[in-house]
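Here are some notes to read alongside the model. Have a look at the fold before going through the points.

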Amino acid sequence: MKRLFWMGCWSYLLIGLAHVVVGSLMPSLLEHYGRTYGDGGMLIFAQFSGFLVGVLVSPLLIARLGKLNGLLIATGMLCAGEFVYTLLPPWEWMYAVGAVAGFGFGMIEAVIGTIIITSFTERTAVAMSRLEVFFGLGALLMPLAAGAFIRLESWRYTFLLVSVLAFVLLFAWGKGRFGDFKETLQARGVKTAEKGDWLKPYQGTRGLLLVVFIVFFFVYVGTEMSFVNFLPSLLIEKLGITKPTAAFSVTLFWVAMTIGRLFAGVIAERISYSRYVTLGCLISFIVIALFAWSGGMALLFTFIVLFGLFMSGLFSIALVFANKLLPGSEETTPSLLIASGGVGGALLPLLVGETMDIGGADTTAWVLAGFLALLVLLSVAAVMIQRSRAHTSSMISANVES
């Protein structure tokens, strides 16, 4: 069990690195190829498209090949994609390479999430939040590694670093001994007889819950990505600070996120998943509203830290919460929710960017607060549906007994 968990952690560290490597090297890439930021945006979009496809097809590949073979394929694709990045092929090829790499780390994220949720029936939230800690470490360390390679004028080898780490992980998954879990990893899922069979676990209120969580993950990831991408611009406009100081705010946010994830699972297990998600959304809304309303560097940086702490566990705990409310669909629910988050992470920043151009920093901050308010409403809706189902079940049991 421990070996399986630690392999999951190292896999999440790898996809944390892979998620941000292109962004960390974007100025150097565009200078080398003589391209514009629009071209860079298209490269990010190509990588996101591959990520989305990887997440969505992971249940199908698991059903046909098993979880372990699915992980080997995904890790191999990530390894190959990052290696080709290192070679700096013609720019047009970079879009295809980005899609391959995105497919790899998207499928890894979905499969590992499914493995942990199905294998850790107790203290699931703790296990998932620890995985997110390693993802955060990867996202935090990659800009530092990229900066070191850039200073050495060898920035292309940042891609090679990710490729080598993917190869090591590929070897570890292939040769690893996981005891009783070896059969679980190699087992193939049950193939559906009809195209619509995958919808059967989502009938009635279960379908309503799925919709609520799909929208929740769309808004959550979109809000997080919007905040991270536009935080330096927000601070520069609100405070007039320098670019290095503004960039430091993103590092501070990721540090707070990583620290918060160390404790998120333990807290969620003690107070319940529903309370954690609802209170986390509510307090995050209050903090971002104060951020929008306030001024002063010390105060705003304090709110950034608080926002990172209270947002830190929402993704992993909400993912566990959703799977606990939808038992029997663990092979598909994580992939659907992670994919929804990926779409939100791509689309909502576009809306926020337009808001920055039209309304400026203060308006944008209030738009982010509006997203958090919607998350509060969605979390409350999930809790109400949960209680309604529990009440209905108890009434049916009482009638049967009488």
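1. The protein chain has 13 helices and zero strands (helices are DSSP runs of H or I with at least four residues, strands runs of E with at least two, numbered from the N terminus). Read along the sequence, the pattern is α-α-α-α-α-α-α-α-α-α-α-α-α.

2. A word on the source: this is a predicted model, where local features need pLDDT of at least 70 and side-chain atom pairs count only at pLDDT 80 or more, while totals for chains, interfaces and linings use all residues. Residues are numbered from 1 along each chain as its sequence is written, and side-chain values use heavy atoms, with hydrogens and water left out.

3. Now the overall picture. Of the 402 residues in the protein chain, 52% count as buried (under 20% relative accessible area, with exposed over 50% and partly exposed in between, using a 1.4 Å probe and protein chains only). Among contacts with a separation of 6 or more, 84% are between residues 24 or more positions apart (contact means heavy atoms within 4.5 Å).

4. Which residues touch the most other members of the largest nonpolar core? They are Leu29, Phe213, Phe216, Tyr220 and Phe291, out of 126 residues in that core (a set of buried Ala, Val, Leu, Ile, Met, Phe, Trp, Tyr and Cys residues joined through side-chain atoms within 4.5 Å). Leaving aside residues up to four places away in sequence, Tyr220 touches Met257, Met311, Leu314, Phe315 and Leu375.

5. Mostly covered, α12 has 11 of its 12 residues buried.

6. Ala292 and Thr363 are 71 residues apart in sequence, yet 8.0 Å apart in space, C-alpha to C-alpha. Not counting residues up to four places away in sequence, Ala292 touches Lys238, Asp362, Ala365 and Trp366.

7. Finally, a helix pair. Leu14, Ala18, Val21 and Val22 in α1 meet Leu78, Glu82 and Tyr85 in α3. The residues of this contact divide into six nonpolar, no polar and one charged (Ala, Val, Leu, Ile, Met, Phe, Trp, Tyr, Cys and Pro count as nonpolar, Asp, Glu, Lys and Arg as charged, and the others, Gly among them, as polar).
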